[in-house]
Amino acid sequence: MKVTILGNNSALAAFGRHTTSQIVQVDDETLFMIDCGEGVQEQIQRFGIRKNKIAYIFISHMHGDHYFGLPGLLNSMNLLGRKAPLTIFCPDELPEIITAIFKAGDSQIQFPLSFCKLSTLNEYLVNTPRFSVRSFPVEHRIACYGFLVEKKSRARKINAAACESYQIPFTHYDALKDGTDYIDEEGNTILNKWLTDDGTAPKKYAFCADTLFTTSFLEAVMGCDTLYHESTYLQVDESKAAMRFHSTAKQAAQFAVLAKTKKLLLGHYSSKYREVRVFEEEARSIFPNTFATIEGITYEV
Ligand SMILES: [Zn+2]
Ligand SMILES: [Zn+2]
């Protein structure tokens, strides 16, 4: 699973940086978009994102820097004759806004488009045999949600040579993939680990949207492989961050330690900072495996 950053700045575009948007690639066939700030179409083109593969869009909250790119993106998908269905998970207010924009222009979306509400209950928004997505509330000035994307583990892989030498019947192969041992006619147990190899390990990516430094959603993201936590400010602006319901790079790193994650991605930088390396330096003193995200870079989860 991989995350490509399309926009990493906060409210204003600045120093060539755009407002929030990310592409999560679960596998070769499925792309998710998380938030859709202004300029997203140019970024998609620039970084060669296959927009017809975007099956789901998740919008964290109704601040414009997280969804002002959406009407334009939908319009382009429409003009380009998109046929594939698209589902947008978003706050309650968004469907009415999008509908009004298209109605005012007397145009209709021609592909199957559906809107679904976000859940405060850590329920599944999407749940397939290969991946799942859940939302969880974070603490911001207005209602705001984070997302936990999980790529599920692949079944164990059959070791054909071992199965042949132990004379395992083909009819037992599905059970072997699920991890069960084989018991032969004489009652001997042949351990699963002798007959199969490890499948792909599950992966979890947590996107924590715009939020105060808080532990209120710690449980929802605990143990994720990669954590995205906003760092609008540096620690020197801690009180400004708190007043505006944002976090500092140091706080993001402290949260990463508490969440027992393996990798921390930073973003949503204030436009008062020209360089983003300073965020990385501040966070790395507490959580070394931190990356201040850069637009166009793809991060392995
Ligand atoms: Zn924002
Ligand atoms: Zn916001």
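Helices (H or I, at least four residues) and strands (E, at least two) are, throughout this tour, DSSP runs numbered from the N terminus. The model is a predicted one, in which local features need pLDDT of at least 70 and side-chain atom pairs count only at pLDDT 80 or more, while totals for chains, interfaces and linings use all residues. Residues are numbered from 1 along each chain as its sequence is written, and chains are lettered from A and ligands numbered from 1 in the order in which they are written.

**The whole chain**

Begin with everything shown: the chain holds 10 helices and 18 strands, and its C-alpha trace spans about 70 × 50 × 35 Å along the principal axes. Of the 301 residues, 42% are buried, a residue being called buried if 20 or more other C-beta atoms, placed from the backbone, lie within 10 Å of its own. Among the contacts with a separation of 6 or more, 63% join residues 24 or more positions apart; two residues are in contact if their C-beta atoms, placed from the backbone, lie within 7 Å.

**The seven-stranded sheet**

Next, select the open sheet whose seven strands run in the order β7-β8-β9-β14-β15-β16-β17, with mixed pairing; two strands pair if DSSP finds at least two bridges between them. At the edges stand β7 (124-127) and β17 (290-292), each with a single partner strand, so one side of each is left without a neighbour in the sheet. Neighbouring strands here are turned by 15° against each other on average, direction ignored, where axes are lines fitted to C-alpha atoms, for helices over the stretch in contact, and angles run from 0 to 180 degrees between N-to-C directions.

**Strand β15 and its partners**

Now colour residues 226-230, which form β15, and residues 203-207, which form β14; the two strands pair in the parallel sense over three bridges. Within this pairing, Y205 has T226 as its bridge partner, and A206 has L227. With β16, β15 again pairs in the parallel sense, over five bridges, and L227 stands opposite L264 of that strand.

Which way do the side chains of β15 point? T226, Y228 and E230 point one way, L227 and H229 the other way, and all are buried. Because five of the five residues of β15 are buried, the strand is largely enclosed by the rest of the structure.

**Helices α9 and α10**

The buried residues are A249, K250, Q251, A252, A253, F255 and A256, and they pack against β15, β16, α10 and β17. Beyond the helix, look for K260, which follows α9 and has a positive phi, near 55°.

Helix α9 packs with α10 at an angle of about 45°, their axes being 8 Å apart. To inspect the contact, show A249, K250, A252 and A253 of α9 together with F279, E282 and A283 of α10. By class, this contact has five nonpolar, no polar and two charged residues, where Ala, Val, Leu, Ile, Met, Phe, Trp, Tyr, Cys and Pro count as nonpolar, Asp, Glu, Lys and Arg as charged, and the others, Gly among them, as polar.

Definitions and conventions: Buried ≥ 20, exposed ≤ 12 C-beta atoms within 10 Å, placed from the backbone.
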